Every structure is written in structure tokens, then in C-alpha cells.
Amino acid sequence: MIATGRQDARAAIVTTLLVTLAVALLPTGSYLAYLLVWLAVATVAALSGIAPGQLARRALVALPFVVAALPLLFTRSDEIIWAGELGAISLSVSGAGLRIILTTALKAWISVQVALILVKLYPIESIVGSLRALKLPDTIATSAGLTIRYLDLLRNEATRMLRARSSRSASPIGETRERAGGSIPWRARVTGNLAGALFLRAYARAARVEEAATARGARGSLSFGGLQQTDPRIVQKAALALAAFALISAGGALLPRF
Amino acid sequence: MRPNLHIPDGFLAPEVSIALWIATAVVIGIALRRIATERTNAPARTVLMGIAGAFIFAAQMFNFPVAAGTSGHLLGGVLAGVLLGPWAGSIVMATVIGIQALLFQDGGLLVLGANIFNMGVIGTLGGSLVARATSEVFGGGRRGQFVGVGFAAWLSVMAAAGLTTLQLGISGTTDIGIGLPAMLGTHALIGVGEALITIGAIGFISASAPDILSARTSERGASAPRRIALGSVIALITVSLAALFASASPDGLERVAEDLGFLDQGQGPAFELLPDYTIPGLDGTVSTILAGAVGVAVVVVILLLLGRVAARRRSA
């Protein structure tokens with residue numbers, strides 16, 4: 001039903017997962033290993049025609065989550081690097097905590113870049129097709145394919161509904177104060193109504209799509225389609241991915257930590 | 001105040017990630033088997049699931065202003081479960097969370113199993129089962145449905161936030177003593193937004209197209225023994241969760257205060273309903289659990305009132 005050119009991304013998916021796992025396994029504080037992995041990732045990106053700087057910037061999306069690790073700076077009592085009084089509060093900063101925070105941030109930052117290379121090199125349809133070839137269940141692959149296909153359409157519809165709402169009611173306070181709408185539960189209910197209305201549209205669309213598919217002779221399970229061509233050198237590439245995994249792990253074990 | 005429970009790669013220990021991948025794969029496997037045995041038209045269901053996935057994506061854009069700079073958002077786990085059924089709903093949420101990780105780097109790939117477990121398995125599958133059971137306990141019908149859906153939506157956000165923090169804590173990337181109260185505190189409010197939007201959506205759909213929902217929800221309340229049994233199970237689950245969270249003691253803030261040495265300077269409130277989350281005269285875990293039960297009862301009563309108001313407005 002959905003036919004687009006699908007390349008074999010299996011080797012790239014396996015490489016992405018293995019490199020992410022190797023990065024996750026790197027010991028805390030092995031900054032030299034992180035630097036080398038990042039240089040390798042940036043080189044692969046540059047060779048694939050992706051600007052490493054842009055990649056590095058986009059990968060900052062994961063960093064706000066570092067807030068979750070911040071308490072470690074003050075709650076860990078090992079390797080105190082600074083202790084002092086802040087008014088009535090005595091505060092200590094732990095070096096071990098700082099190391100965990102930096103390591104976690106680096107791991108997240110590098111992992112996002114690795115994932116970004118995958119999605120920049122292969123269209124999402126190819127990735128889903130390849131995942132199906134890697135035994136992702138049919139129902140999930142087909143459902144994911146349809147979700148991707150109707151994503152923009154439904155998001156546009158949602159945008160239009162939000163625009164219509166803000167011209168009638170429930171604008172954020174401060175923007176158009178006079179139209180700020182009713183109480184908070186009222187605003188929440190209006191938002192819920194929008195979600196309900198959007199679901200009814202999606203439901204009607206699903207019925208139309210299914211009718212159209214049946215009319216064109218679709219029977220039984222819908223096929224999202226397999227790979228159009230398989231990579232002849234998949235085994236060699238998988239071996240390379242394993243080698244990368246081993247190399248990163250060895251780097252983590254051998255390189256000095258700080 | 002956008003709820004961000006999508007853990008990025010690097011934050012979970014590999015063994016935690018892998019264990020949760022296995023748990024997720026098992027549950028999604030069961031879900032796939034369950035929907036395969038349902039007597040529905042398979043292509044139609046798959047098309048609906050696919051487009052419903054896009055709907056959840058789009059519905060997560062919906063927000064409502066709470067105060068300047070703050071807004072309530074929808075995660076949609078319980079909504080998906082109530083609209084599509086617990087099993088199909090959890091598969092749809094799993095797909096959505098997977099696509100978010102791949103397309104938008106919202107959550108990592110190695111930790112995807114954990115993210116699906118927290119939001120898709122516990123949030124959607126667990127959430128819609130809680131919704132159904134709670135609605136039966138409250139006598140089914142409109143009011144029961146709204147109470148059940150609202151309570152489950154709130155609980156699903158709290159459970160996902162709590163699980164995320166526990167997993168980070170086990171992986172050594174957060175301090176549970178501070179992280180848990182902070183996460184649960186903020187998500188208690190985010191969860192109210194989730195509950196209100198979910199009730200609004202279900203209310204709208206049940207008013208405009210009641211046939212879509214009728215197959216999914218119990219129209220009538222359960223029999224008295226079943227009601228008591230279901231009620232006890234729900235209360236037990238909630239109270240154990242509450243007790244677990246309360247036992248991250250000494251309470252995070254208190255612990256910071258203790259560590260930083262300003263605990264003595266803090267002044268207690270003028271009166272305390274449940275001092276230290278315990279009931280005066282009792283001690284230890286029993287007291288904490290009882291205090292938890294009182295807290296749950298308060299939330300349930302509030303939801304009951306909200307449900308009654310919503311039902312009256314609808315029928316008016």
C-alpha cells in the first residue's frame with residue numbers, strides 16, 4: 001500500500017545500536033575515549049556529507065535532561081572539591097558527582113549524534129522497512145508506516161484547530177488578555193474537546209483509507225513492503241560494527257580516566 | 001511545564017536498559033497476540049492503529065494556558081488505551097515513542113525499551129486497566145467513566161515520572177531522595193492537566209459519537225463483590241506506590257535541609273493534617289500506608305466531584 005524506494009539500512013541500524021551500547025558502557029570519567037569516539041563520529045558524518053558542527057549543535061537537545069543528575073553534585077559526599085558557607089547554608093560540591101554529570105552529558109550528546117547520522121542517511125521508511133527485515137512484527141511496522149505517512153497531515157490539522165481556538169478563546173494570558181477564556185478547568189476542557197474532535201476526524205479518515213484499500217483489492221494483512229534491494233555486503237558491515245564496538249570498549253578499558 | 005519523560009541515551013545503565021527492553025518486548029508480544037485473537041477486521045484495525053498513532057503525535061501539540069509561561073499538555077497514554085483498547089493502545093504508544101526517538105531524537109534508542117515501558121506499558125496498558133476498573137467501582141455510566149479516566153490519566157503520569165526517576169536512581173544518574181519528590185511534585189500538577197484534557201476528549205467523543213466508545217467501556221457498574229474486589233486492588237496498588245514514594249525518606253527536601261544544616265530553621269505549618277505523612281498515634285509503615293490511603297481517598301473524592309460536575313454539564 002505504501003511504496004517508496006527502500007534502501008537496506010540494516011547494517012546502519014546495527015552499527016548505531018552497537019556504538020550507542022559501547023558509549024553507554026564506557027567507564028565514568030574516560031574523557032579521552034569520549035573525545036576519540038566523538039572525533040570518529042564527526043569524521044563519519046563529514047565523510048557522509050553531514051556538517052559535524054551542525055550535528056553537534058542539534059545533539060544539544062538531550063542536554064536539558066542533565067538537570068535530573070544535578071543533585072549528585074551536592075548529595076555525594078566523596079571527593080569534596082569545594083566546601084563552604086552560603087549564608088546559613090553549608091554546601092559541599094563533590095568531584096565524583098561532577099564526573100558523573102559530565103560523563104552522562106557527554107554520553108547523551110554523542111549518542112544523539114550517532115542516531116542523527118542514521119536518520120540523516122536513511123529515510124524513515126527505509127529504517128522501518130529494515131527493522132521489519134530485522135523481525136520487527138508486521139503489525140507494528142505497518143502501523144508505524146501509516147503513522148509516519150499521516151503525521152504531517154494530522155499535525156497540520158491540529159495546528160489549524162489551535163489557531164481557530166486562539167482566535168475564539170483560551171489564548172495564553174498576556175497575549176490577548178481580553179480573550180483569555182474561562183477558568184483553567186474550562187480551558188482544559190476546551191483543549192480536551194479539540195483532542196476529541198481531532199480523534200473523530202482521524203477515525204473517519206481511517207475508515208476512508210480502509211475502504212479505499214479494500215476497493216483496490218487489499219485483503220488480509222496490509223503489507224508495508226519489504227526492502228527493495230538487500231545489501232550484499234551486510235555481513236562485512238556487521239563485522240565492522242562489531243569491530244567498532246570492540247575498539248570503543250578497548251579504548252574505555254585502556255585509556256586513562258580523570 | 002512540558003512533561004519530558006523521554007530519557008535520552010547515556011542516562012541509564014546498560015543493564016537497566018536491557019532489562020526494560022526485555023520486559024517491554026514481552027508485554028508488547030502479549031499485546032500483539034491478544035489483538036490478533038480479537039474478532040475484528042485486521043486491516044481495518046491496523047489502519048486505525050496507524051492513523052491513531054499520528055493522532056497521538058498531533059494531540060501532544062494541544063496545550064492550554066495555566067498561567068503566563070506555563071501550560072498544560074497531553075501525553076495521551078490513557079487516551080490511546082481508552083479509545084483503542086488497552087492492548088492496541090499500548091502498541092500504538094510504543095510505535096509513537098519509537099518514532100519520536102528516531103525522527104525527533106526525543107528519547108534515546110538504547111533506552112527506548114525503558115521509555116516504552118514507562119509510558120506505553122505502564123502508562124497505557126496499566127492506565128487503561130485502572131480506568132476501566134475505577135469506572136466499574138464508581139458505578140459505570142458517564143460519571144464512573146469520567147472518574148476512572150481522570151484518575152487513570154493522573155496516575156499514569158505520576159507512575160511514569162516515578163519509574164523514570166527510580167530507573168535513573170538505580171543507574172546512579174540521579175539522587176532518588178531529591179529526584180523523586182521533585183519529579184512527583186511537579187508531575188502531580190502535570191497529571192491534573194492530563195486528567196482534565198483526557199476527560200474533555202472522552203466527554204466530547206462520547207457525546208458526539210457514543211458508538212465508538214461503547215465497545216470499550218463498561219456501561220454499568222460492577223456487582224457489589226466485584227466492585228469491592230476491584231476497589232481494593234486499585235487502592236492497594238495506589239497505596240503501595242504512595243508508600244514506596246513516601247519511604248524515600250527522609251523526605252528529599254528535608255534531607256537537603258538536614259545535609260545543609262538548616263532543618264532546625266524551618267518552621268512547621270500552623271497546623272498539620274498528616275504530620276510527616278503519618279497518622280498520629282500509629283507508627284511506622286502501617287501509618288504511612290494509612291496516610292497514603294487518606295491521600296488517595298482525597299484525590300478520588302475530588303475526581304468524583306469533578307466527574308459529577310462534568311456529567312451534569314453534559315446532560316444539561
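## A walk through chains A and B

Start by selecting chain A, which reads α-α-α-α-β-β-α-α-α-α-α along its sequence. That makes nine helices and two strands, where helices (H or I, at least four residues) and strands (E, at least two) are DSSP runs numbered from the N terminus. You are looking at a predicted model, in which local features need pLDDT of at least 70 and side-chain atom pairs count only at pLDDT 80 or more, while totals for chains, interfaces and linings use all residues. Residues are numbered from 1 along each chain as its sequence is written, and chains are lettered from A and ligands numbered from 1 in the order in which they are written.

Stay on chain A and colour by burial. Of its 258 residues, 36% are buried, meaning that 20 or more other C-beta atoms, placed from the backbone, lie within 10 Å of the residue's own. Two residues are in contact if their C-beta atoms, placed from the backbone, lie within 7 Å. Among contacts in chain A with a separation of 6 or more, 77% join residues 24 or more positions apart.

Next, show both chains. Their contact takes 77 residues from chain A and 70 from chain B. On the chain B side, the elements giving two or more residues are α1 (14-37), α2 (42-59), β1 (63-67), α3, α4 and α7 (176-208).

Now click on B:I51. Leaving out residues up to four places away in sequence, B:I51 touches A:L146, A:Y150, A:A202, A:R205, A:A206 and A:V209. B:I51 is also among the residues with the most contacts inside the largest nonpolar core, which has 144 residues. Such a core is a set of buried Ala, Val, Leu, Ile, Met, Phe, Trp, Tyr and Cys residues joined through C-beta atoms within 7 Å.

Finally, select residues 77-84 and 86-104 of chain B. The axes of these helices, α3 and α4, come within 7 Å and cross at roughly 135°; axes are lines fitted to C-alpha atoms, for helices over the stretch in contact, and angles run from 0 to 180 degrees between N-to-C directions. The contact is made by B:G77, B:A80, B:G81, B:L83 and B:L84 of α3(B) and B:P86, B:A88, B:G89, B:S90, B:V92 and B:M93 of α4(B). These residues divide into seven nonpolar, four polar and no charged.

Note on methods: Buried ≥ 20, exposed ≤ 12 C-beta atoms within 10 Å, placed from the backbone. Nonpolar A, V, L, I, M, F, W, Y, C, P; charged D, E, K, R; others polar.
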